[in-house]
Amino acid sequence: MQLLQLSLLTSSLISLTNAVGPAKNCGLINKMKCPQGLNPCCSQFGECGAGAFCLGGCDPRYSATQDSCMPAPISRGGSWPFSSRAQITDAHEYLGDASKADWVMMEGGEMTVDDKSSVTLKMGKEKAQTGTVFSSASYIWYGKVKASIKSSRGAGVVTGFMLFGNTRDEIDFEWTGNDLGKVQTNFYFQGVENHTNFFHYPTPEKPNPAYKPFNTFSEWHEYEIDWTPDSIKWKMNGVLIREKKKADTMQSDGLYHYPQTPCRVQFSIWPGGAANAPTGQRDWAGGNIDWVNHPDIKEMGYYYTSIKDVSITPYEPPKGTKIDGKKSYIWMNPAKNWTQEEVVMSDASSILASPISNGQPSSKVWSLVSEEDLKGIETLPGLVGTGRIVLGGSKGKDGVISAYSGAARVVVARLAVVAAVFAVFI
Ligand SMILES: *[C@@H]1O[C@H](CO)[C@@H](O)[C@H](O)[C@H]1NC(C)=O
Ligand SMILES: *[C@@H]1O[C@H](CO)[C@@H](O)[C@H](O)[C@H]1NC(C)=O
């Protein structure tokens, strides 16, 4: 009986790769929550799923329940010269154990480690929608993050270095490839766009005495985000280029529209000027992406950005924080405003029981599973879907960490094993 069940499950799972269809949309744009069931977690990309969907980027506001998302592991900080891949894990290998992985390569992205000194994130033309996102596994709740970066170049091609929270609190450095003498900074409270939060450096209206002309693509520059409960400071090569005080962000709803909840550190290259991007975004990004004649496409076959020497210094939690442990951040239950006051430090585990689990106790998940259901579980965000950054596949090459189809196959194999083990246990 057990054996029969096992082989049935395994064979049904082999077809999962083909079964990956359009995921259910969720999130801020359509204000939709994921339904209860096997795909309860709303990912950073606005898709419902399980497994990795319930880890970094899982938005508790749009997931089936607040505890569908896994607790967020707390960063211990550190420095990474990115001299090897030792610290970097693929999303399909990562179940939330941040003690074993410092950095996670999100699905569908492509990167290499060059000259034992930096990582290069790539965006190839195989898919004009493709972007690559590279993220810290764990979260800081205030802290200082520094990174040396060479931005991408080319109209419509955008590089990002950001702090990104599950409820879309966000602090950005961004570079649009049409102007390599500029750096842009921005911040979001709960993902709501506000154009007044946007800032260019240099700014003619606010000249900075320390300004010297620069090229963000051909030169390494050190960018820093220093984020405290009271202010955000953005620095370039040690020069303060912008400061935003929390006190100046109170709005009529009585809330500070200030990033104030745990965030991961992310680096990305993404197609702001994709053919189907909204006009406003495409204009901001410098226009349509040239997938034919741009020198990077001609020479390399892709656009790229490089990162080295990242350091993360986490700060102490704000005064008044409820501290029940030191492993993970969770939300007060039920959370209402998703503000700093509702963040709790806990010892709850951030590790998924399996690639198809979610934050609910496994028994709840497993009791729902049928063979048919298993075909419909989405486990890796970014394989399909929509959102500001659309991930997709690119050809596997030697030295390339991750490729779409390969990743999907690995997951299928792993799911089969997990489901089989599970079948034996019930
Ligand atoms: C944007 O921010 C400004 C300054 O804080 C505020 O006055 C304005 O109401 C905000 N707009 C929206 C749409 O939130
Ligand atoms: C949510 O914010 C409102 C202010 O808009 C405040 O009155 C209320 O106490 C907050 N709720 C919680 C649970 O912090």
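Analyst: A residue counts as buried if 20 or more other C-beta atoms lie within 10 Å of its own. That cut-off is needed for strand β10 (residues 143–150): 6 of its 8 residues are buried, so β10 is largely enclosed by the rest of the structure. The model is a predicted one, and the account below should be read accordingly.

The part examined here is β10 together with its partners. Strand β10 is joined to strand β19 (residues 302–314) by 7 bridges, and the two run antiparallel. Within this pairing, Ile149 has Ile307 of β19 as its bridge partner. A further 7 bridges join β10 to β15, again in the antiparallel sense. Here the bridge partner of Lys144 is Asp226, a residue of β15. In general, the strands of a sheet pair through backbone hydrogen bonds, in either a parallel or an antiparallel manner.

The loop between β14 and β15 holds Pro202. The peptide bond that joins Tyr201 to Pro202 is cis, with omega about 0°. Tyr201 itself belongs to β14 (199–201), which stands at an edge of another sheet.

That sheet is open and is formed by 8 strands in the order β5-β6-β9-β18-β11-β12-β13-β14, with mixed pairing. Its edges are β5 (88–90) and β14; each has a single partner strand, so one side of each is left without a neighbour in the sheet. On average, and with direction ignored, neighbouring strands of this sheet are turned by 20° against each other.

Within the order of this sheet, β18 stands between β9 and β11. Of the 9 residues of strand β18 (residues 263–271), 9 are buried, so this strand too is largely enclosed by the rest of the structure. Cys263, Val265, Phe267, Ile269 and Pro271 point one way from β18, while Arg264, Gln266, Ser268 and Trp270 point the other way; all of them are buried.

The two neighbours of β18 can be taken in turn. With β9, the pairing is antiparallel over 4 bridges, and Ser135 stands opposite Gln266 of β18. With β11, it is antiparallel over 9 bridges, and Val157 stands opposite Pro271 of β18. Strand β9 (residues 132–136) also pairs with strand β6 (residues 103–105), in the antiparallel sense over 3 bridges. In that pairing Trp103 has Ser136 of β9 as its bridge partner.

Phe82 lies in the loop between β4 (78–80) and β5. Its phi is near 50°, a positive value in a residue other than glycine. With 25 other C-beta atoms within 10 Å, Phe82 is buried. Arg168 is found in the loop between β11 (157–165) and β12 (170–176). This residue has a positive phi of about 70° although it is not a glycine, and it is buried, with 21 other C-beta atoms within 10 Å.

A separate group of 4 strands forms an open sheet in the order β3-β21-β22-β20, and its pairing is mixed. Its edge strands are β3 (72–73) and β20 (322–323), each of which pairs on one side only. Strand β3 pairs with strand β21 (residues 328–331) in the antiparallel sense over 2 bridges, and Ala72 stands opposite Tyr329 in β21. The loop between β21 and β22 (343–346) contains Pro334, and the peptide bond from Asn333 to Pro334 is cis, with omega near 0°.

The ligands complete the surroundings. Ligand 1 is surrounded by Asn194, Thr196, Thr249 and Gln251; by class, this shell has no nonpolar, 4 polar and no charged residues. Around ligand 2 are Asp253, Gly254, Leu255, Lys336, Asn337 and Glu341, a shell of 1 nonpolar, 2 polar and 3 charged residues.

Finally, the protein chain as a whole provides the setting. It contains 7 helices and 22 strands. Of its 426 residues, 48% count as buried. Among its contacts with a separation of 6 or more, 67% are between residues 24 or more positions apart. Within this setting, β10 has its antiparallel partners in β19 and β15.

Methods:
Residues are numbered from 1 along each chain as its sequence is written. Chains are lettered from A and ligands numbered from 1 in the order in which they are written. This is a predicted model: local features need pLDDT of at least 70, side-chain atom pairs count only at pLDDT 80 or more; totals for chains, interfaces and linings use all residues. Two strands pair if DSSP finds at least two bridges between them. Axes are lines fitted to C-alpha atoms, for helices over the stretch in contact, and angles run from 0 to 180 degrees between N-to-C directions. A residue is near a molecule or strand if its C-beta atom, placed from the backbone, lies within 6 Å of it. Ala, Val, Leu, Ile, Met, Phe, Trp, Tyr, Cys and Pro count as nonpolar, Asp, Glu, Lys and Arg as charged, and the others, Gly among them, as polar. A residue is buried if 20 or more other C-beta atoms lie within 10 Å of its own, exposed if 12 or fewer, and partly exposed in between; C-beta atoms are placed from the backbone. Two residues are in contact if their C-beta atoms, placed from the backbone, lie within 7 Å.
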